[in-house]
Amino acid sequence: REDERNTNRSMEQKMNEFEIQLEEMYSERAAILEYCFGLPREKAEALARAEVETYREHRAKVDSDKVAK
């Protein structure tokens, strides 16, 4: 029972870390698109959000494929 709680906590911590990484990825990508490519902020943020969501979906598929094996 204790091992199960530790595993759940560890998984929760990893999920939180992943969400933080995604937020950092979004912020960095939006800034690059705005400042390096000259896009308006709204467009840069929308594109960055789409890229992060695509990455999130890809990771979910890869992770589910690993679990299935």
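Me: Contact here means heavy atoms within 4.5 Å. In this predicted model, which residues is Leu-33 in contact with, leaving aside its neighbours within four places in sequence?

Reply: The structure is a predicted model. Leu-33 belongs to the largest nonpolar core. Once the neighbours of Leu-33 within four places in sequence are set aside, its contacts are Gly-38, Leu-39, Ala-44, Leu-47, Ala-48 and Glu-51.

Me: Which residues is Glu-34 in contact with, leaving aside its neighbours within four places in sequence?

Reply: Glu-34 is a residue of helix α1. Its relative accessibility is 18%, and because buried means under 20%, Glu-34 falls in that class. Beyond the neighbours within four places in sequence, Glu-34 is in contact with Leu-39, Arg-41 and Ala-44.

Me: What are the buried residues of α2?

Reply: A residue counts as buried under 20% relative accessible area. Buried residues make up 13% of the 69 residues in the chain. In α2, the residues of this class are Ala-44, Ala-48 and Val-52.

Me: Which two residues form an aromatic pair?

Reply: A search of the whole structure finds one aromatic pair. The two rings are 6.4 Å apart, centre to centre, with 40° between the planes, and the pair is tilted. The partners are Phe-18 and Tyr-55.

Me: Is Tyr-55 buried, partly exposed or exposed, and which class holds Phe-18?

Reply: Under 20% relative accessible area is buried, over 50% is exposed, and values in between are partly exposed. Tyr-55 has a relative accessible area of 30%, so Tyr-55 is partly exposed. Phe-18 has a relative accessibility of 12%, so Phe-18 is buried.

Me: How far apart are the end C-alpha atoms of α2?

Reply: Helix α2 has 28 residues, and at 1.5 Å a residue it should span 40 Å. The distance between the end C-alpha atoms agrees with this expectation, at 40 Å.

Me: What is the radius of gyration of the chain?

Reply: The C-alpha atoms fill a box of roughly 55 × 25 × 15 Å along the principal axes. A compact globule of 69 residues would have a radius of gyration near 11 Å. The chain, however, has 16 Å.

Me: How far apart in space are Lys-14 and Glu-45, C-alpha to C-alpha?

Reply: Lys-14 lies in helix α1, and at 52% relative accessibility Lys-14 counts as exposed. Lys-14 and Glu-45 are 31 residues apart in sequence. Their separation in space, C-alpha to C-alpha, is 25 Å.

Me: What separates the C-alpha atoms of Ser-64 and Asn-16?

Reply: Ser-64 has its place in helix α2 and is partly exposed, with a relative accessible area of 40%. Ser-64 and Asn-16 are 48 residues apart along the chain. The separation of their C-alpha atoms is 18 Å.

Definitions and conventions: Residues are numbered from 1 along each chain as its sequence is written. This is a predicted model: local features need pLDDT of at least 70, side-chain atom pairs count only at pLDDT 80 or more; totals for chains, interfaces and linings use all residues. Side-chain values use heavy atoms; hydrogens and water are left out. Rings of Phe, Tyr and Trp (its six-membered ring) pair if their centres lie within 6.5 Å; planes under 30 degrees apart count as stacked, over 60 as edge-to-face and the rest as tilted. Buried means under 20% relative accessible area, exposed over 50%, partly exposed in between (1.4 Å probe, protein chains only). A nonpolar core is a set of buried Ala, Val, Leu, Ile, Met, Phe, Trp, Tyr and Cys residues joined through side-chain atoms within 4.5 Å. Helices (H or I, at least four residues) and strands (E, at least two) are DSSP runs, numbered from the N terminus. The radius of gyration is taken over C-alpha atoms; the globule rule is 2.2 Å times the number of residues to the power 0.38. The expected span of a helix is 1.5 Å times one less than its number of residues.
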